[in-house]
Amino acid sequence: MDWFLTIQFPLSWIRLWFLESPPNDPFKLEFLGVQRYPYLMEAQIRSSFKNHFETEPLIAFAPGRINLIGEHTDYQEGFVFPAAVQFGIWVGVQKNQLPYCRLFSLDFEESATFDWKAFSPKKGHWSTYVMGFLAQLHQAGYKFEGFDMVIGGNIPVGAGLSSSAALSVSIGTALSALFEFNLSKLSIARYAQKSEHQYAGVNCGIMDPYASAFGKENTALLLDCRVNQHEEVSLDLGEYCFLLVNSNVKHSLADSAYNQRRAACEESVMLLTPYFPEIITLRDLKVSQLEEVQQILPEPLFPKAKHVISECGRVLEASSALRENRLELFGELLKKSHQSLSQDFEVSCPELDFLAQKAFEFSGVLGARMMGGGFGGCTINLIKKGSIEAFKYAIAPSYEKKFGKAPSFIQVEISEGARVI
Ligand code: GAF
């Protein structure tokens, strides 16, 4: 009987585990042999916190994001169309009455300590994101004291789902609650963006932290990056869904190329202003003005400006198409966006072009494009749910043959933004 109980208990536990797990869950991230489901993450943060610091933490969560359309437009005060996803970063935090902060990262299995009155964030370490956010709070005049923190997450690595924005936003959400700062979502997003500029060296726009902070279940955010306000667009896709295909590459020049693209846009604005004195950014120009713009800008700059100007138009068209449930038109706009990002803005790469091309040729996909900053990461595909398995089969072997590595597939659920749990 004893042997029966010892074997039965774990077996039924395993069975329950699978029953409780979301069916067909593509987010099976292995972590110590365990899949990192949200309820496990929260429990892991809690128990790790107790082990390390012997107190109960306050826990905050912030999600990663996808972007339906509107790439490299946010830093030109244009339009973007992101949504928060179900993966994210969890942060447990508690005051410690000590002259220093103690941090522990579940993902890196590493501790870090720093004096909260005198710290200097250094590039390239996960603890920089904590210090970077604190630096923003300090500059804004907020008073804080020593705390302990445990950080862990389940965002697929290198997929371009904005794990760094989720990290900063989760840190901001946790600290705001712990010290009762009552920071608005927009302030958290702005501090996260500034911290990324100052300590990660990427001159990114507001889109990623904004989406992480403001995300809403089954809803995309049509965000105007000039006024930092959004309209909610309900995502009722019927028999379709968004599937990400991760190229599993990140080219090493990605960050510097991102900053160069931003600088090219700013240079174009400078050259165009004498002819169009009313413009502040490229967002203020229309597709109908492109011929004139071409006469003014030197050859290498024009296609970049053309991308930003035309992409802003596509975002507005695509959001209307979604509202009117015109999914084929929406898919067509995704395809145009990819072509523009690849040929004009030059932020794609052979792997992403290959994945997009395969998607264009596949009948169950209405549209696809590279997503995010570029040079690696994922394509986003609007695909018929019933075609997903066939699509994987149509793509994976040829991709692997050509590039020597397998792509991975991530089905996203559009989810709520940052919150204290
Ligand atoms: C990255 C940046 F962080 C965003 O601000 C945005 O510019 C995006 O690339 C491209 O659209 O995710």
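At what angle do helix α4 and helix α6 pack, and how far apart are their axes?

**View 1. Helix α4 packs against helix α6.** In this predicted model, local features need pLDDT of at least 70, side-chain atom pairs count only at pLDDT 80 or more, and totals for chains, interfaces and linings use all residues. Residues are numbered from 1 along each chain as its sequence is written, and side-chain values use heavy atoms, without hydrogens and water. Helix α4 spans residues 163–178 and helix α6 spans residues 207–214. Their angle is about 55°, and their axes are 9 Å apart. Axes are lines fitted to C-alpha atoms over the stretch in contact, with angles from 0 to 180 degrees between N-to-C directions. Helices are DSSP runs (H or I, at least four residues), numbered from the N terminus. From α4, Ala165, Ala166 and Val169 make the contact (heavy atoms within 4.5 Å). From α6 come Asp208, Pro209, Ser212 and Ala213.

**View 2. Helix α5 packs against α6.** Helix α5 covers residues 185–200. The angle is about 150°, with axes 8 Å apart. Lys185, Leu186, Ala189, Ala192 and Gln193 of α5 meet Pro209, Tyr210, Ala213 and Phe214 of α6.

**View 3. Residues surround the ligand.** Among them are Arg65, Glu71, His72, Cys204, Gly205, Asp208 and Tyr258 (a heavy atom within 4 Å). Polar contacts are pairs of N or O atoms within 3.5 Å. A ligand oxygen atom is 2.7 Å from a polar backbone atom of histidine 72. For a polar backbone atom of glycine 205, the distance to a ligand oxygen atom is 2.8 Å. Tyrosine 258 places a polar side-chain atom 2.5 Å from an oxygen atom of the ligand.

Conventions. Helices (H or I, at least four residues) and strands (E, at least two) are DSSP runs, numbered from the N terminus. A polar contact is a pair of N or O atoms within 3.5 Å; within protein, one must be able to donate a hydrogen and the other to accept it, and residues adjacent in sequence count only if both atoms are side-chain atoms.
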